Amino acid sequence: MERNVRILGAPTDYGANRRGVDMGPSAIRYAGLAEELESAGVSPTDAGDLAVPHHATRDADAGAANAKHVQEVEEVTTSLADAVSTALAEGTTPLALGGDHSIAIGSLVGSARDADIGVIWFDAHGDFNTPSTSPSGNVHGMPLAAALGVGDFAGVEWANAAGLKEENVAIVGLRSVDGVEAEAIRDSDVTVYTMSDIDERGVTEVTNDALDVATDGTDGVHVSLDLDWLDPREAPGVGTPVRGGVTYREAHAAMELVARSEAMRSFELVEVNPILDEHNETATLATELAASAFGKRIL
């Protein structure tokens, strides 16, 4: 049975510290996302972009202390949560295009609104900060903590994913984490596989273990793919590059395992910044990885 995929653009940079990532959805589409998905045997429908308030009209310091543009993040992620939830209710798989990683709050809230979900977080960063612990105040470093109701986010209805538990979250490829953030992750029930784990065990074994964590007693898995998970030599167009990431083939191998599991409920691609990219290389890579996650094979 052919899978129907609904593409949802979230062109926002409110959670980031560098401008330009709001053009990520356009860059990914231009790189041929729909064609790549069709080559994977799925039927894509592009629902267009969410309405996002213009950056220049908003005050970064409004709202919560040390959470820049948190009111705008709430607006965007609430709209995305509704769009993700609607897509699932109508029998389609939502594919959210960022924008910065703060959009994951909306993806998670929407995907977990009427189901128990697991999460695989392919990212160089933990995104487990809160306004109280963040060195920068940028919300793209907080979405996982927000969805799980950690610290300042406890009881914040718009940010908390109802059907998500820490024990069903796996972070894969972590290699850059703040000190207090690391302590919070260690104190949680989240499972973490660092780049050292991938070096020692290989990406296939680590991804299979992450899938076991995310599928244990859940109705499906949300896959969050931050392009800075890859090494900057593979994906130069990201706002917070960290050396030592996964290779092109490792990334595809992981996505192929996601597809083979048939557990994916929702998916997102984030942090593609065409201003920092080279010949739209990172956006093109994003489309290829999405196709692998939805089942494209060499043969």
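**Entry 1. Pockets**

I began with the second largest pocket, which ten residues line; E2, R3, N4, G91 and T93 lie nearest its centre. I noted about 200 Å³ of space in this pocket. By class, I found three nonpolar, four polar and three charged residues in its lining. I record here that the model is a predicted one.

I then turned to the largest pocket, which holds about 300 Å³ of space. Its lining consists of 20 residues, and those closest to the centre are H125, S136, H140, G141 and D178. I sorted this lining into two nonpolar, eleven polar and seven charged residues.

**Entry 2. Nonpolar cores**

In soluble globular proteins, nonpolar side chains tend to be buried together. I therefore looked for such groups here. The largest nonpolar core has 51 residues, and L95, F122, W229, F267 and L269 touch the most other members. Helix 10, residues 281-293, supplies the largest share of this core, with seven residues.

Leaving aside residues up to four places away in sequence, I listed its contacts as P94, L95, A96, H222, V223, L225, M255, A290, A293 and F294. I also found a second, separate core of 33 residues, with V119, V150, V169 and L174 among them.

I located H101 in the loop between strand 3 (93-98) and helix 4 (104-111). Is H101 buried or exposed? I count H101 as buried, because its relative accessibility is 0%. Its side chain makes a polar contact with the side chain of D226, at 3.2 Å. Beyond four places in sequence, H101 touches W121, D123, D127, H140, P143, S224, D226, E268, V270 and E271.

The loop between strand 3 and helix 4 also contains G99. I found that the peptide bond joining G98 and G99 is cis, with omega about 20°.

**Entry 3. Positive phi values**

Most residues other than glycine have a negative phi, and most peptide bonds are trans.

D127 has a positive phi, near 50°, and is not a glycine. I placed D127 in the loop between strand 4 (117-122) and helix 5 (143-148). D127 is buried, because its relative accessible area is 4%. I had already listed D127 among the residues that H101 touches.

H279, also not a glycine, has a positive phi of about 55°. I found H279 in the loop between strand 8 (264-270) and helix 10. With a relative accessible area of 83%, H279 is exposed.

Conventions: Residues numbered from 1 in each chain as written. Predicted model: local features only at pLDDT ≥ 70, side-chain atom pairs only at ≥ 80, totals over all residues. Heavy atoms only, no water. Core = buried A, V, L, I, M, F, W, Y, C linked by side-chain atoms within 4.5 Å. Buried < 20%, exposed > 50% of the residue type's maximum accessible area, 1.4 Å probe, protein only. Helix = DSSP H or I, 4+ residues; strand = E, 2+ residues; numbered from the N terminus. Contact = heavy atoms within 4.5 Å. Polar contact = N/O pair within 3.5 Å; in protein donor to acceptor, adjacent residues only side chain to side chain. 1 Å grid on protein atoms, 1.4 Å probe; cavity = no way out; pocket = protein on both sides within 12 Å on 5 of 7 lines; lining within 4 Å. Points joined across faces, edges and corners; volume = space filled by probe spheres on them. Nonpolar A, V, L, I, M, F, W, Y, C, P; charged D, E, K, R; others polar.
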